Amino acid sequence: MFSLLHPQTDESFLDTESTVEDVIRLLQSLQKPKEAGEEEEEAVEVDLTGESVTEDNFMVTERQKPLKKVPIPLKTILKSQKKKADPTDVNKDRFTFMRQVEVDHDECSKARLERERVAQNFRKLGNSEYRQGNYTTAMRLYSEAMENIKDSHILYINRALCFIKSGRFKRAIVDCDFVLNKLDEKNLRAWLYRAMAYKGLNDEANFENCVRYARKFNSKQMEFIDGFLEKLK
């Protein structure tokens with residue numbers, strides 16, 4: 001029937017069912033069972049975190065939904081891992097270091113004494129060979145002693161005298177120079193044997209120079225120096 005009402009005031013269409021609503025109901029009825037099951041599981045999980053866990057029933061028999069992990073800044077992790085310096089630890093480290101130094105020093109001292117003992121034996125053998133006129137053998141024994149103790153001026157001076165007796169004057173000067181430059185610049189025997197070596201080379205200038213330094217550094221040994229020079233004439 002034709003309505004005399006204005007079309008904008010006609011509300012009779014509200015009483016009729018909408019075709020769109022029919023379509024929505026049809027789609028809802030076609031939803032997969034899996035989705036319904038998931039909703040039930042989620043409902044159970046929510047229930048487990050609430051009413052099912054009480055003071056009398058504190059055991060959860062269902063796996064709860066994992067909490068969302070919140071990333072922790074790297075700066076925070078490093079700050080938490082950084083340990084504050086403990087004064088006691090520093091003292092322990094210092095004590096351990098000093099103790100190790102003492103142990104190393106004791107071991108070095110023992111090793112030094114053992115090397116000196118071996119060098120002393122070679123020196124005695126060298127002296128014995130020198131007195132017998134076996135200068136080459138004596139030089140070899142003094143050199144063996146130097147392999148154990150490299151800072152003994154006695155060994156270098158004794159070997160220098162063997163070189164002089166063997167006519168190897170330049171080699172004797174080398175040993176004397178090592179003593180004077182590295183071990184003892186005032187050593188009287190080193191200056192006198194150096195003078196003797198230059199005397200063998202007919203180098204009067206260096207001979208006189210060595211004698212002058214021998215007197216300068218050993219003013220209390222003038223009588224010995226004069227006796228030594230008298231033997232060289």
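Asn202 sits out in the open: it counts as exposed, with a relative accessible area of 66% (exposed means over 50%, buried under 20% and partly exposed in between, using a 1.4 Å probe and protein chains only). Keep in mind that this is a predicted model, where local features need pLDDT of at least 70, side-chain atom pairs count only at pLDDT 80 or more, and totals for chains, interfaces and linings use all residues. Residues are numbered from 1 along each chain as its sequence is written, and side-chain values use heavy atoms, with hydrogens and water left out.

**Asn202 and its loop**
- Asn202 belongs to the loop between H8 and helix H9 (204-217); helices are DSSP runs of H or I with at least four residues, strands are runs of E with at least two, and both are numbered from the N terminus.
- The phi of Asn202 is positive, about 60 degrees, although the residue is not a glycine.

**H8 against H10**
- Helix H8 (residues 188-200) and helix H10 (residues 222-232) have axes that come within 11 Å and cross at roughly 20 degrees. That angle makes H8 roughly parallel to H10.
- Axes here are lines fitted to C-alpha atoms, for helices over the stretch in contact, with angles from 0 to 180 degrees between N-to-C directions; under 35 degrees counts as roughly parallel, over 145 as roughly antiparallel, 65 to 115 as roughly perpendicular, and the rest as oblique.
- On the H8 side the contact (heavy atoms within 4.5 Å) is made by Leu188, Leu192, Tyr193 and Met196, and on the H10 side by Phe224, Ile225, Phe228 and Leu232.
- Sorted by type, the residues of this H8 and H10 contact come out as eight nonpolar, no polar and no charged; Ala, Val, Leu, Ile, Met, Phe, Trp, Tyr, Cys and Pro count as nonpolar, Asp, Glu, Lys and Arg as charged, and the others, Gly among them, as polar.

**Leu113**
- Leu113 lies in helix H4 (residues 87-131).
- With 55% relative accessibility, Leu113 counts as exposed.
- Leu113 and Ile149 are 36 residues apart in sequence, and their C-alpha atoms are 10.0 Å apart in space.

**The chain as a whole**
- The secondary structure comes to 10 helices and zero strands.
- The chain has 233 residues, and 21% of them count as buried.
- Among contacts with a separation of 6 or more, 45% come from residues 24 or more positions apart.
- The chain exposes about 18,900 Å², with 55% of that supplied by carbon and sulfur atoms; accessible areas come from the Shrake-Rupley method with a 1.4 Å probe, and for residues only the protein chains shown count as cover.
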